Amino acid sequence: MAVYLNNAATTWPKPECVPEAMSMFITQGGANSSRGTSSKRDMSTMNLILDCRMKLAEFFGGYDNLNPLFVTFTMNITEAINVVLHGFLKPGMRVLTSSMEHNAVMRPLRALESKGVNLDILYADPLGLLHPEDLISKLSESRYDLAIFSHASNVSGTLQPINELAEICRDHKLPLVLDTAQTAGLIKLNASELGLAALCFTGHKGLMGPQGTGGIIWEPEFASQVEPFITGGTGSYSHLEVQPEDMPDKFESGTPNLPGIAGLNAALDWLTETGINNIANKEYESDSYFLEKLKTLDERIILSGMQDMNKRVSVFALNVEGLDNGILADELSIAGFETRPGLHCAPIAHKTLNTFPQGALRVSPGYFTTHEEIDSFIEALREIINQPCTR
Ligand SMILES: Cc1ncc(COP(=O)(O)O)c(C=O)c1O
């Protein structure tokens, strides 16, 4: 069995309760939501969805007394971000983002820019870090309608000073959207304490749920200013040919990923039982172990981003002088290690980190990675780097 070091793409394995809950939903539940009668199966699907909404509102510090109506389910964070950006931004508005974003943010923004939205970039330093004073100076120069930042980079793992950034946005009454793809489930986040307009999450990474799940935690007033990006059947207001305004239906058209929600619901229970602090401590310990080994392995290895585990998450982008990262990933794969080379859907982040266009080898251990696996990876890397050059 290969050693899985690609948790930044999706976490694996999942806790056992996740596939169990999904299988149980398909074999024993299986009714659609709000599209039947009040049979036992219909009610049990509705209960599942409400239960998961309530857990998400609690988990992410939702608004309005953890009101589950302001939790929207999407297929992933990419859809969540698109729902927010396309629904809110109109031609002539100004939006600010950072130079460390994933294409889940950059591509919708570039598409909106081509329709007349003004896009501005807050540049991070070459370690991928945003500086609060740079945000203050941007906001003193121009007025923006929206800001969107990622909490941690999916390339270098650099963690942004989100408390400070959010406070500055609050002081300037600038609605802030947060991409939590690389931190949800690992770092405790509280949308209402941070004053976020919208917190976007994906279910299949640190939240340990299945692929095809994600969503948005909305600030209610902001949600009322956003138009639905996707419209269609909601199982409610069937006499209307226009989209209902009521939450959560406003942003949820079409049959949801119900087996996925069952899996995510079980994953949230697992996260709560295991404890986010325990998960973070375990990952911190094994990432520090990995980082120390990597730093002393070979001076031809160049690690991007912060070198201090307190300022990053478990996503390591590295290059080896004189060795293409794609070839390195292939050789590691042959040796039994799953990583990800290239540009990681984040060209602007690689430009900031000075790793564009060649990209980097991304190694992302996870909660279930053991010290033995790290040791064997380090040994394989050493061997590949030192083998006579036949490439
Ligand atoms: C920071 C960041 N944002 C957005 C995404 C997109 O995630 P998804 O494919 O689940 O929509 C990723 C995925 O790697 C990511 O790391």
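Buried area is taken here as the accessible area, for a 1.4 Å probe, that two parts lose on being put together, summed over both. In this predicted model, the two parts are domain 1, comprising residues 3-12 and 275-386, and domain 2, comprising residues 17-274. About 2,800 Å² is buried between domain 1 and domain 2, and carbon and sulfur atoms give 63% of this area. On the side of domain 1, I276, V313 and I348 supply 22% of the area buried against domain 2, more than any other three residues. The C-alpha centres of the two domains are 27 Å apart.

The interface brings 33 residues of domain 1 into contact with 39 residues of domain 2. Helix 11 (276-295), strand 10 (316-320) and helix 13 (347-352) each contribute at least two residues to the side of domain 1 that touches domain 2. By class, that side of domain 1 holds 18 nonpolar, 11 polar and four charged residues.

The ligand is surrounded by 13 residues, of which T78, D179, T202, H204 and K205 are the closest. Polar side-chain atoms of three of these residues were examined against ligand oxygen atoms. For K205, a side-chain N or O atom is 2.5 Å from an oxygen atom of the ligand. For H204, the distance from a side-chain N or O atom to a ligand oxygen atom is 2.7 Å. A polar atom in the side chain of T202 likewise lies 2.7 Å from an oxygen atom of the ligand.

Conventions: Residues are numbered from 1 along each chain as its sequence is written. This is a predicted model: local features need pLDDT of at least 70, side-chain atom pairs count only at pLDDT 80 or more; totals for chains, interfaces and linings use all residues. Side-chain values use heavy atoms; hydrogens and water are left out. Domain bounds come from an automatic or database domain assignment. Contact means heavy atoms within 4.5 Å. Helices (H or I, at least four residues) and strands (E, at least two) are DSSP runs, numbered from the N terminus. Ala, Val, Leu, Ile, Met, Phe, Trp, Tyr, Cys and Pro count as nonpolar, Asp, Glu, Lys and Arg as charged, and the others, Gly among them, as polar. A residue is near a molecule or strand if one of its heavy atoms lies within 4 Å of it. A polar contact is a pair of N or O atoms within 3.5 Å; within protein, one must be able to donate a hydrogen and the other to accept it, and residues adjacent in sequence count only if both atoms are side-chain atoms.
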